[in-house]
Amino acid sequence: MHFLFVDRILALTPGGVTQGIKHVTPDDYYVCLDEQNRRYFVPSLVGETVGQLAAWNVMLSNDFTKRPVAGIAERATLHRPVYVGETLLLEATLDALDDSAVQYHGTARVGDEVVFELTGALGPLLPMDDFIDVDVVRAQFNELNLNLNQPDKLSDERLLRAPLNESAVDKLHHVNALVHFDRIIDHVPGVSITAEKCITRAAPYFPDHFPKKPVLPMTVLLECVMNLGRYFVDQLIFDKAYRIKCMQRIKMNDFVSPGTVLSAAMTLKSQQNGELVLSCRVSSFGKRVCLLELVMVEVREIA
Amino acid sequence: MMNVENVYPKVQEIIADVLVIDVADVSLNARLIADLGAESIDFLDLVFQLEKEFSIKIPRGQLEKNARGALSEEEFESGGTLTADGMVALKNYLNEVPEEHFTPNLKVNEIPMLFTVETFCKLIIAAKATQPAEAATA
């Protein structure tokens, strides 16, 4: 299953701004169902799409000798889900680029509405040939970079509400498993939660991420953490409902290869002014893999 | 006048924040890798945070470049290992690092193992001192 999300590059200034689009369609694999049975694109993958757009610019700028990998992000803000039938208008701006790292920020919009923002992203650059054949990447880029005009705004209510057939339901179950931890190991409601996930080589993102060095995409891990955070907060005795506002201080310390067992330890760091901050450390056999904070905001009172 | 003493408290705070450790664990002579558990991605994070806090630009590899001083790359290292002249230049630049940490046949990629909290304080002071001058001549 492809793990490449930019459908078209619309404009690209090497070392500067890149614009592109992604349609979220019934054919997309990485979609989930909300409480009203509406299908939406896995939220962290909106960030992945913005990151991939920036990566195309970086790779073109260094003549495909190096590729950026996940490193640090100051903040990733999720304004709302992106539903099947909508088109993401993407923009990524490289703030600094040298031969060892890239610093960038980006946004995703649906029409004029900003649905996702990424700030303070920093990615180390590593030799392309360690991850994928240079010719394969060049061919992928040439296929994307057609410089077509921006499409008309697309938002099809019929797609949002279309009934699901059985295979679509199976697919949703599969995606749901990919973006959740496998099991809860320890849980002290309102204090902490620990969960575990085994990373299988059979996961559908590995062929693209990457052919020569399969590693878990950071955004898939972040989605698992977000889902763990939702579960943790749902179990609290609050008279309010919360939604995820943003992830912040994200840092990926190490690659996660197939066969790894990940353990995520999450604690409630603070609770004030209608905002919860959850701190999460993901590790593998005690070695730090990823750190981040999840910020959740109060959205309504529960009747 | 900016000096190590007045830069240190903020650097200490930022390093603790980046490494998710207590401020009290960060001392001026602590080595970032050996004593504080920093990894390569932490250096990227740290430089980014210091740049923001002190409004400076620290090009990647600046510490190694500073350590080399007036020496050419060939004079500084051979086949990835520091030359005798390179070692003298490095010790001269990292004069806050105790002698016993400079191992014989030190490799260039092992230099970050020597960096202490004070090394980063000095880096900031140097960047602050040079960058307004560069801006003025730009």
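Predicted model: local features only at pLDDT ≥ 70, side-chain atom pairs only at ≥ 80, totals over all residues.
Which residue of β8(A) is the bridge partner of A:Leu89? The partner is A:Arg109.

Strand β7 of chain A covers residues 87-97, and strand β8 of chain A covers residues 101-110. These two strands run antiparallel and are joined by eight bridges. Between β7(A) and β8(A) the chain forms a hairpin through three residues.

On leaving β8(A), the chain continues to strand β9, which comprises residues 113-127 of chain A. The pairing of β8(A) with β9(A) is again described as antiparallel, and nine bridges hold to this pattern. Within β9(A), A:Leu118 is the residue that stands opposite A:Gly106. The hairpin of β8(A) and β9(A) has two residues between the strands, and in this hairpin A:Gly111 adopts a positive phi near 60°. Strand β8(A) is itself mostly covered, as eight of its 10 residues are buried.

Chain A is divided into domain 1, residues 8-160, and domain 2, residues 179-301. Their C-alpha centres are 22 Å apart. To the contact between them, domain 1 of chain A gives 18 residues and domain 2 of chain A gives 19 residues.

On the side of domain 1 of chain A that touches domain 2, the elements giving two or more residues are α1 (43-61) and β6 (72-78) of chain A. The largest share of this side, seven residues, belongs to β6(A).

Methods:
Residues numbered from 1 in each chain as written. Chains lettered and ligands numbered in written order. Domains from an automatic or database assignment. Contact = placed C-beta atoms within 7 Å. Helix = DSSP H or I, 4+ residues; strand = E, 2+ residues; numbered from the N terminus. Buried ≥ 20, exposed ≤ 12 C-beta atoms within 10 Å, placed from the backbone. Pairing = 2+ DSSP bridges.
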